[in-house]
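Please find below a colleague's note on the structure under discussion. The remarks are set out as numbered points.

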Amino acid sequence: MYKRQLLELPSISIVGSRKASEDGIKRAARLSKELVKEKTVIVSGLAKGIDTGAMVSAIENGGHVIGVIGTPIDEYYPKENKELQQLVGKWHLLVSQVPFYKYANQPFKTRRHYFPERNELMAAISDATVIVEASDTSGTLTQARACMHQGRPLFILRSCYEDSAVEWPKKWAERENVYVVNSTEQILEHLGSQ
């Protein structure tokens, strides 16, 4: 299979906080493992926390992954995920829409907008997005907004929805095409009924 053919297979983004809890990372890993068993490609942003947990679990369980990054292909952020990014680039699919020359010649502070654009791209190439956990100020909510704009299903894990430290899940759960779920089976049921 050519790497780009991964874009044509069923895929789900698993995203969330960079400063994830241990439980959150475990949930992301379990969800990823269960989706891989259902022949679903895992899409994630190679960030610390939830993204890394989902991506590593998918690879360890023999699945296919698409890594979408907010830097040029030859840059690594975060640096500690360099080996993971190289693995994704070699054996799976690594995607970036960040231009080499412009990135190299623009001020550091102006590079931040590439990460929200990365989330929009992840939403676009995925059949749906699952948010495992995220704060009220998380960049993950950029992807939630992109899902709404693009008409893509958005799933919020119930553990995130019930987290009293965050307010956004209650507001988002009232929107069309947003689902609070307890399990992989519920995600697949929703997608199968569309």
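1. Basis of the note. This is a predicted model, in which local features need pLDDT of at least 70, side-chain atom pairs count only at pLDDT 80 or more, and totals for chains, interfaces and linings use all residues. Residues are numbered from 1 along each chain as its sequence is written, and side-chain values use heavy atoms, with hydrogens and water left out.

2. Overall form. The protein chain has nine helices and seven strands; helices (H or I, at least four residues) and strands (E, at least two) are DSSP runs numbered from the N terminus. Its radius of gyration, taken over C-alpha atoms, is 16 Å, which agrees with the value near 16 Å for a compact globule of 194 residues; that rule is 2.2 Å times the number of residues to the power 0.38. Along the principal axes, the C-alpha atoms fill a box of roughly 45 × 35 × 30 Å.

3. Of the 194 residues, 47% are buried (buried means under 20% relative accessible area, exposed over 50%, partly exposed in between, with a 1.4 Å probe and protein chains only). Among contacts (heavy atoms within 4.5 Å) between residues at least 6 apart in sequence, 71% join residues at least 24 apart.

4. The largest pocket. Its volume is about 550 Å³. Of the 26 residues that line it, Arg18, Tyr77, Arg112, Phe115 and Arg118 are the closest to its centre. A pocket is an open set of points on a 1 Å grid over the protein atoms alone, where a 1.4 Å probe fits, with protein on both sides within 12 Å along at least five of seven lines; lining residues have an atom within 4 Å of a point. Grid points are joined across faces, edges and corners, and a volume is the space filled by probe spheres set on the points. Helices H5 (114–125) and H6 (140–150) each supply at least two lining residues, and H5 gives the most, with five. The lining comprises nine nonpolar, nine polar and eight charged residues (nonpolar: Ala, Val, Leu, Ile, Met, Phe, Trp, Tyr, Cys and Pro; charged: Asp, Glu, Lys and Arg; polar: the others, Gly among them).

5. The second largest pocket. Here the volume is about 150 Å³. Among its lining residues are Arg27, Arg30, Leu31 and Glu34, together with Val181 and Asn182. H1 (22–37) and H7 (158–161) each contribute at least two residues, and H1 gives the most, with four. Three nonpolar, four polar and four charged residues make up this lining.

6. The faces of H3. In this helix (residues 82–91), Leu84, Gln85 and Val88 are buried. Seen down the axis of H3, the buried residues fall within an arc of 100 degrees, so they line one face; the arc is that of the directions from the helix axis to the C-beta atoms. They pack against helix H2 (50–60), strand S3 (65–69) and strand S4 (93–96). Exposed Glu83, Lys90 and Trp91 are carried by the face turned away from the buried side.

7. Backbone features to check. Most residues other than glycine have a negative phi, and most peptide bonds are trans. The bond from Tyr77 to Pro78 is cis, with omega near 0 degrees, and Pro78 lies in the loop between S3 and H3. Lys39 has a positive phi of about 65 degrees; this lysine is in the loop between H1 and strand S2 (41–44) and is exposed, with a relative accessible area of 67%. Asn177 has a positive phi near 70 degrees and is placed in the loop between helix H8 (168–172) and strand S7 (178–181).
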